[in-house]
Amino acid sequence: MAARLLRLPPLWSPNPNAFLLICTSSRPSFNSYRLLCLSSAVRLDAEPEDEAPCCVPGRSQFQAPLPGKELRPRSSKYLLGMSEEQLIELAVDMGEQKYRGRQVHALLYKTKSKDITGFSHLPMKFREDLIAAGWEVGRSKIHHTVTASDATVKVLLKLQDKKLVEAVGIPVVDSRGSNRLTACVSSQVGCPLRCAFCATGKGGYSRNLKVHEIIDQVLVVEELFGHRVTNVVFMGMGEPMLNLPAVLAAHRTMNMDLHIGQRMITISTVGVPNTITRLARHSLQSTLAISLHAPNQQLREEIVPSCKAYPLEALMADCKSYFMMTGRRVSFEYTLLAGVNDREEHAMELTDLLHQWRLGHHVNVIPYNPISDSEFRRPSKTSVMTFLNTLNSRGVTATIRQSRGLDANAACGQLRNDFQRVGLPED
């Protein structure tokens with residue numbers, strides 16, 4: 001077994017003495033990745049919702065939480081995101097009957113009231129007590145919306161600290177004539193991983209989103225379209241695995257309180273050490289989507305700089321472990337960049353990689369969505385079809401994800417960047 005130390009870039013930890021210890025063997029399942037702080041024994045992680053990703057459970061100073069233990073980040077004063085049981089407990093603690101908590105739950109998730117003063121079903125005293133105790137619903141203001149010719153709607157939300165975050169509503173009529181509405185939600189304000197082709201990274205990173213700020217995006221999409229969201233994809237701004245506690249809490253609310261089926265929810269990640277295994281322990285029925293974008297480590301480092309701290313072999317080993325633990329097929333996202341990763345030999349190399357790891361795999365081929373100030377180009381239709389046909393002919397199930405909202409700055413982070421250039425007007 002060989003071992004080497006790799007200094008972590010600032011995007012993984014603000015501590016300059018943080019290193020990743022990589023121990024590799026001829027058997028990938030015995031590989032380990034351990035976070036170390038060489039100057040002290042102080043934990044490298046911060047507050048719960050900003051928890052630094054740890055490595056293989058049981059092999060580092062960070063013990064991965066047990067299933068169900070990280071569903072609620074530290075308590076807040078926001079009602080949105082609380083379960084019916086928690087709201088009942090809150091009502092009782094404030095001297096009210098249990099059914100008042102159930103009423104609050106209905107007002108949040110059925111009536112979708114935006115303000116406690118609008119809780120007309122509740123006694124005035126209960127409303128006043130909630131406000132006096134510092135409670136808020138947790139809804140954000142709609143700052144701007146753009147509607148594309150294909151009916152996709154992109155919304156820019158202004159959070160309480162005046163940060164901007166994007167959400168997208170995507171209406172689809174499937175082959176059976178059923179109407180589906182997908183909400184593409186963000187998990188962070190910006191993104192620290194700075195993938196080369198992504199608009200979000202170019203706009204900088206501010207912070208993790210809180211649970212209520214994630215759930216609010218779904219409610220806003222429902223409000224704009226006038227009917228319920230059927231599908232949710234965590235593919236908006238940010239890296240969901242860097243905000244896993246809040247993402248899991250929001251997932252619970254979407255499933256249990258907004259009644260969106262777990263199989264209708266997708267969590268996407270470019271790959272963060274140890275988090276895939278942590279996610280697997282929750283035994284969700286949701287889809288894990290890996291943003292791969294390259295078939296080998298060298299090319300992936302050019303497109304996804306953060307993968308230098310999380311080699312492709314380690315990522316694939318974790319995906320294999322996820323599949324074995326959950327029985328759930330892992331989906332791979334592959335954005336085609338003209339002249340960069342879209343050649344036939346890249347497709348052949350990708351099939352070899354997936355067959356090597358014997359994963360239950362599916363590849364979403366995504367033609368690049370152009371953004372301003374980018375050197376990357378959208379591939380030709382011929383290149384896209386050649387890539388797709390090569391995958392399918394070599395035994396890998398692949399489909400093309402149709403680009404939506406091309407005339408509405410639909411690339412993640414693009415609308416936010418446009419507004420950041422001109423600044424926000426005062427309220």
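Where is the place of Pro123? In this predicted model, Pro123 is found in the loop between H2 and H3. With a relative accessible area of 27%, Pro123 is partly exposed. Along the chain, Pro123 and Glu96 are 27 residues apart, and their C-alpha atoms are separated by 9.8 Å.

The protein chain contains twelve helices and 15 strands. Of its 427 residues, 55% are buried. Among the contacts in the protein chain with a separation of 6 or more, 65% are made by residues 24 or more positions apart.

Two helix pairs were examined. In one of these, helix H1, spanning residues 84–93, packs with helix H2, spanning residues 98–109, at an angle of about 130°. The axes of H1 and H2 are 7 Å apart. Angles over 145 degrees count as roughly antiparallel and those from 65 to 115 as roughly perpendicular; H1 and H2 are therefore oblique to each other. The crossing of these two helices, H1 and H2, is right-handed. On the H1 side, the contact is formed by Glu84, Leu87, Ile88, Ala91 and Val92. These residues meet Lys98, Arg100, Gly101, Arg102, Val104, His105 and Leu108 in H2. By residue class, the contact of H1 with H2 comprises six nonpolar, two polar and four charged residues.

The other pair is formed by helix H10, residues 344–357, and helix H11, residues 381–393. Here the packing angle is about 30°, and the axes of H10 and H11 lie 9 Å apart. Because angles under 35 degrees count as roughly parallel, H10 is roughly parallel to H11. H10 passes H11 in a crossing that is right-handed. From H10, the residues Glu344, His346, Ala347, Met348, Leu350 and Thr351 take part in the contact. Their partners in H11 are Thr386, Phe387, Thr390 and Leu391. The contact of H10 with H11 is made up of five nonpolar residues, four polar residues and one charged residue.

Twelve salt bridges are present in the structure. One of them joins Lys114 to Glu223, with 3.1 Å between the closest N and O atoms. This pair links distant parts of the chain, 109 residues apart. Lys114 is in the loop between H2 and helix H3 (124–132), whereas Glu223 belongs to helix H5 (residues 211–225). Lys114 has a relative accessible area of 46% and is partly exposed. Glu223 also counts as partly exposed, at 39% relative accessibility. Beyond this pair, a network of salt bridges links Lys114, Arg139, Asp216 and Glu223.

A salt bridge is also formed by Lys154 and Glu166, whose closest N and O atoms are 2.8 Å apart. Lys154 is in strand S5 (residues 153–158) and Glu166 is in strand S6 (residues 164–173), so this pair ties together parts that are twelve residues apart in sequence. Both Lys154 and Glu166 are buried, in contrast to Lys114, which is partly exposed.

In a further salt bridge, the side chains of Arg343 and Glu345 meet at 3.0 Å, N to O. Arg343 is partly exposed, its relative accessible area being 39%. Glu345 is likewise partly exposed, and its relative accessible area is 44%.

Backbone geometry was considered at two lysines. Most residues other than glycine have a negative phi. Lys112 has a positive phi, near 60°. Lys112 is placed in the loop between H2 and H3, the loop that also holds Pro123 and Lys114. The relative accessible area of Lys112 is 26%, and this residue is partly exposed. Lys162 likewise has a positive phi, near 70°. At a relative accessible area of 39%, Lys162 is partly exposed.

Conventions
Residues numbered from 1 in each chain as written. Predicted model: local features only at pLDDT ≥ 70, side-chain atom pairs only at ≥ 80, totals over all residues. Heavy atoms only, no water. Axes fitted to C-alpha atoms, helices over the stretch in contact; angles between N-to-C directions. Helix = DSSP H or I, 4+ residues; strand = E, 2+ residues; numbered from the N terminus. Left-handed = near helix turned anticlockwise from the far one by under 90°. Contact = heavy atoms within 4.5 Å. Nonpolar A, V, L, I, M, F, W, Y, C, P; charged D, E, K, R; others polar. Salt bridge = Lys/Arg side-chain N within 4 Å of Asp/Glu carboxyl O. Buried < 20%, exposed > 50% of the residue type's maximum accessible area, 1.4 Å probe, protein only.
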